[in-house]
Amino acid sequence: MKINQLPIIVFFLFSCLNLAAQDFRMGKVSVAELEQKVHPTDSAATAAILYKKGKSRIEYDQTDGFITLTEVETRIKIYKKEAYDFANQEVWYYSGNSNREKVFFSDAVTFNLVAGKIEKTKLKSDGTFDEVVNKNRSRKKITMPNVKEGSVIEFKYTIRSLFREIRDWNFQTSVPVNYSEFSTFIPEYYVFNARHKGYLSPKVTKEKATKSITFLNKERSSNAATTFSNDKLDYFENQTTYIAENFPAMKEESYVNNINNYTSSVEHELSMVQFPNEPMKSFSTDWNSVAKTIYNYDDFGPELNKTGYFEDDLKVVLDGKVTSEERIMAILDYVKTSVKWNDYLGYSCDNGVKKAYKEKTGNIADINLMLTAMLRHSGLNANPVLVSTRSNGIALFPNRTAFNYVIAAVETPNGTILLDATSKNSSPNILPFRVLNWQGRLIRKDGTSEAIDLMPKKPSGDNVFMNYEIDGEGKITGKVRRQCTDYNAMAYRNEVAGVKEEAYLEKLENENNKIEINDYSRTNEKEILLPAIETYSFKGDNLAEVIGGKIYINPMLFYTNTENSFKQETREYPVDFGFPFADKFNITIKLPEGFAVETLPAPAVIAMEDNLGTFKFNIAENSGVLQLSVLHQINEAIVTPEKYEMIKEYYKAMIAKETEKVVLKRI
């Protein structure tokens, strides 16, 4: 079959002309860029990166030795007001180690087209500020002025760092990227592992250049005279350039844990340093060495050995606790109630365990390393587990910055128990949702480590028992008893925590077709090892339709799934449910006097391959009463892209069945 090449040629020519028309120099914004109303290849885009160019160079400084200098220039087009957030830009930097990193913004200008002429608004000093993230990190932030629909914003920032680190570079964002270029300039003495992730790859070119360093030597002779001399050292510089053109936006999809896991980007990890006439220094090259390095940090491993601050208190806590399960639960509860999380992440202690215990507040590491130390002291085989949270992304490659969190693990003959004392609603092997991110890294005292699966295997239950009756006008009154277990129970407890009952019920009523709720009660709200239960009575005037003397009703009422979240033709990312689940509904429906069933949905069973999931729907009538039983169960927390079509069709069939109506007719 002959393929028409014309559309491909036209698109190629358009791309070339579009890039050629752009002037990649600061301040050279064109009228054409300002006049553009929509993005040429994505009419729904709220903004676009017209160009982004970055350079990271490791170069020699006479005062500080080798430093890393990173310069980034960016030009962004604003199409719609929904993209005004692009006016807020920020760059993080290390701030807690004697100003070893500094960030400078410059050339920040907003361009607008006013009466056919380009108007420039420069960033003023009050639009720049610093924000402390934790004791080690801060953010330099700017807010661009006079941003409106049609604006083009432009800015530059420089990072001067005494660390030999190269920041990650993203070639994709939430909006289209017309042009992205990133270059590294690395002396031969430093070897970096460069790793690309994502489904689109940039073009890569490499070359070498000869560079030299001139050292200024200062000597004082015996007669107090000072002499100066110069030494010159030649070396090779490895230059690598990555170029991405016309990369599409990374758009959020349903059940994606973190879209950045699949965004086209490049990461650099320092693996080796070797200077002339000096021994080679190797750095993190595998997960074992990463874990061992972190364990030896002053604010990690040594904190686990501090015990004197809690021993007397712990003796009281463990009084009468004989079994391992009793000791684990007692210690977990004690830490949760004794020390409050200050919302700071990190696997390194901020305050240190002793200070956190005394002041009753600390970051993730302060609390969970304290928990680990107490578990060890009680005779349990407890060790820390390094974790990357869902917001931080999947730890794909061995490096020290892959993790940003730590939990505790107790190894028992019946398996490993994972614990996190920073959430009051967590329990053994029921971790905060932010932690459920593929795998963590357990580190033992001897420095060995192993991967730990963080994803739950047991389905969390959501069991609904509902009975209701319909009157001749289609109005409904009924009762609900909902019982949640494991992660569903924790999600429910998190939802109601600190919320006034009146506000919670108002939200529940609005979400459930404007029903009216009465006689509401909760059971086991604080008993986290037991199922969370809520019961209430309800009535609703718009839960059924009366047309031509017949009553039409979705038998599951407000529990009916009506929309398929899986709409894409294909999917390149895994489907991440977070945890397996089993939703069960047992519903009893009393029919109105003078009515009989005209149409009843047929029973159905949908079973996916490899025991991925099952949907069962069964409804029957007996003496004016309908009995409905529904099961929707997914057995895997993470579903691979290869199974996307299967799960998409499963949800399509499930929704089709749930939305079938019961039709009642007058006798």
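Author: Two strands pair if DSSP finds at least two bridges between them. This model is predicted, so local features need pLDDT of at least 70 and side-chain atom pairs pLDDT 80 or more, while totals for chains, interfaces and linings use all residues. Residues are numbered from 1 along each chain as its sequence is written, and side-chain values use heavy atoms, without hydrogens or water.

Reader: Happy to start there! How many bridges join E6 to strand E7?

Author: Strands here are DSSP runs of E, at least two residues long, numbered from the N terminus. E7 covers residues 137–143 and runs antiparallel to E6. The bridges joining E6 to E7 number five.

Reader: Which residue in E7 is the bridge partner of aspartate 130?

Author: Let's follow the bridge from aspartate 130 over to E7. The partner found there is lysine 140.

Reader: In what order do the strands of the open sheet lie?

Author: The open sheet has three strands, with antiparallel pairing. E3 (88–94) and E6 (128–132) each have a single partner strand, so one side of each lacks a neighbour in the sheet and both stand at the edges.

Reader: Is cysteine 349 buried or exposed?

Author: Buried means under 20% relative accessible area, with a 1.4 Å probe and protein chains only. Cysteine 349 has a relative accessible area of 2%, so cysteine 349 is buried.

Reader: And what is the relative accessibility of cysteine 484?

Author: Good follow-up! Cysteine 484 also counts as buried, because its relative accessibility is 2%.

Reader: How many disulfides does the count come to?

Author: A disulfide is a pair of cysteine sulfur atoms within 2.5 Å. By this rule the number of disulfides is zero.

Notes
Helices (H or I, at least four residues) and strands (E, at least two) are DSSP runs, numbered from the N terminus. Buried means under 20% relative accessible area, exposed over 50%, partly exposed in between (1.4 Å probe, protein chains only).
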